[in-house]
Amino acid sequence: MNEQQTGLVTKHTGSHYRVRLDKDGTYIETVVRGKLRLKDLKTTNPIAVGDRVVVEPSDDGTGIILDVCDRKNYLIRRSSNLSRQAHIVAASIDRAYLVISLAFPDTKIGFIDRFLVSAEAYHIPVTILINKVDLYEDELADMLNGFEEIYSNIGYETLRISALRGDNINTLKKRLAGKVSVFAGNSGVGKSSLINAIEPSLNLKTGEISGYHLKGTHTTTFYEMVELPNGGFIIDTPGLKSFGLIDDIGKEEISHFFPEIFRYSANCRFNMCTHTDEPGCAVKKAVEEGLISESRYSSYLGMFYDEDSKYRQ
Ligand SMILES: Nc1nc2c(ncn2[C@@H]2O[C@H](COP(=O)(O)OP(=O)(O)OP(=O)(O)O)[C@@H](O)[C@H]2O)c(=O)[nH]1
Ligand SMILES: [Mg+2]
Ligand SMILES: [Zn+2]
């Protein structure tokens with residue numbers, strides 16, 4: 001029997017995990033020891049890219065994962081509309097980059113706000129990357145200004161970028177240096193294209209936008225962490241169709257994860273105010289005065305009232 005070692009999970013495909021051994025930086029292809037799978041029934045993937053694991057390597061470049069080390073944090077979502085199971089998108093990350101596009105394909109506001117709520121709940125800082133700005137003219141350019149104003153006023157970092165034209169790629173590159181980052185978003189928004197723009201030698205596969213629906217074609221099919229030459233790791237992920245809140249986030253807690261709603265709620269008349277129809281609600285007043293955006297407030301109401309809308313696209 002070979003000695004046990006620790007390593008970092010850098011790729012996940014089906015039941016296989018690629019692990020980078022801490023000792024010498026070599027990669028081995030592993031599977032999970034049967035018993036471990038049963039430990040955590042609530043998640044579809046007990047191990048995610050970014051996890052540190054204990055492995056037993058064999059001599060032929062394969063190995064078995066024996067245990068998962070404690071995570072610093074994780075980005076988690078409901079795995080599908082019907083399932084009650086959760087899916088860990090990435091583990092132990094410094095920052096999540098939510099890649100969105102206002103067109104070709106457009107990212108839905110509900111998706112963005114549920115992503116942000118989940119990340120707040122799990123203490124993961126988020127930067128919103130608004131990609132494909134080379135395509136935004138006229139109405140889309142106005143929409144871009146409006147969008148950016150809403151999210152930067154709340155305190156989220158936003159960056160206008162274009163993988164195609166190169167806008168702000170150098171700024172992004174500097175932000176990523178030395179950090180572990182995950183790029184997430186719908187299919188076709190340009191996650192893999194952006195990573196290629198940052199580091200062309202990675203040459204990740206990118207896809208077309210389908211002509212009729214103007215949606216992505218799910219080109220990236222696995223979770224993979226790539227290493228940047230100047231230090232730092234980026235996790236490229238397959239396009240997410242939806243971003244449902246997991247059951248652990250209670251209805252009455254949701255408002256805590258809208259930073260601007262939480263801020264104003266300190267002045268609500270009632271301690272337990274749900275900011276729906278209570279008198280003296282400082283949040284509703286702030287919406288009326290334009291201090292909280294109507295789209296954010298309606299995302300909040302959607303998540304609060306309609307259980308299902310939490311899980312829809
Ligand atoms: N005009 C324009 N097109 C872009 C830009 N970034 C990406 N694209 C195009 O968008 C399409 C999808 O890009 P991908 O990088 O494959 O998107 P993805 O987010 O990785 O998609 P999945 O892997 O399916 O989740 C490709 O045709 C890219 O050329 C951009 O900044 N501007
Ligand atoms: Mg991709
Ligand atoms: Zn209130």
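This is a predicted model: local features need pLDDT of at least 70, side-chain atom pairs count only at pLDDT 80 or more; totals for chains, interfaces and linings use all residues.

Trainee: How many residues surround ligand 1, and which are the closest?

Mentor: There are 23 of them, and the closest are Asp 134, Ser 187, Ser 193, Gly 207 and Thr 220.

Trainee: Which side chains place an N or O atom by an oxygen atom of ligand 1?

Mentor: For polar contacts, one looks for pairs of N or O atoms within 3.5 Å. The side chain of Ser 193 has such an atom 2.5 Å from a ligand oxygen, and that of Lys 132 has one at 3.0 Å. Val 189 takes part through a backbone N or O atom, 3.4 Å from an oxygen of ligand 1. Of the 660 Å² that ligand 1 exposes when taken alone, the protein buries 90%.

Trainee: Which atoms coordinate the zinc ion (ligand 3)?

Mentor: The donors are Cys 268 (SG), Cys 273 (SG), His 275 (ND1) and Cys 281 (SG), at 2.1 to 2.4 Å. Along the chain, their spacing is C-x4-C-x1-H-x5-C.

Trainee: Why is the arrangement around the zinc ion called tetrahedral?

Mentor: Ideal angles for four tetrahedral donors are 109.5 degrees. Here the arrangement is tetrahedral because the four donor atoms subtend angles of 103 to 114 degrees.

Note on methods. Residues are numbered from 1 along each chain as its sequence is written. Chains are lettered from A and ligands numbered from 1 in the order in which they are written. Side-chain values use heavy atoms; hydrogens and water are left out. A residue is near a molecule or strand if one of its heavy atoms lies within 4 Å of it. A polar contact is a pair of N or O atoms within 3.5 Å; within protein, one must be able to donate a hydrogen and the other to accept it, and residues adjacent in sequence count only if both atoms are side-chain atoms. Accessible areas come from the Shrake-Rupley method with a 1.4 Å probe; for residues, only the protein chains shown count as cover. Donors are N, O and S atoms within 2.8 Å of the metal (3.2 Å for Na, K and Ca); water is not among the atoms, so sites may look incomplete. Four donors count as tetrahedral if all angles lie between 85 and 135 degrees; four count as square planar and six as octahedral if opposite donors are over 155 degrees apart and all others between 65 and 115; anything else is irregular.
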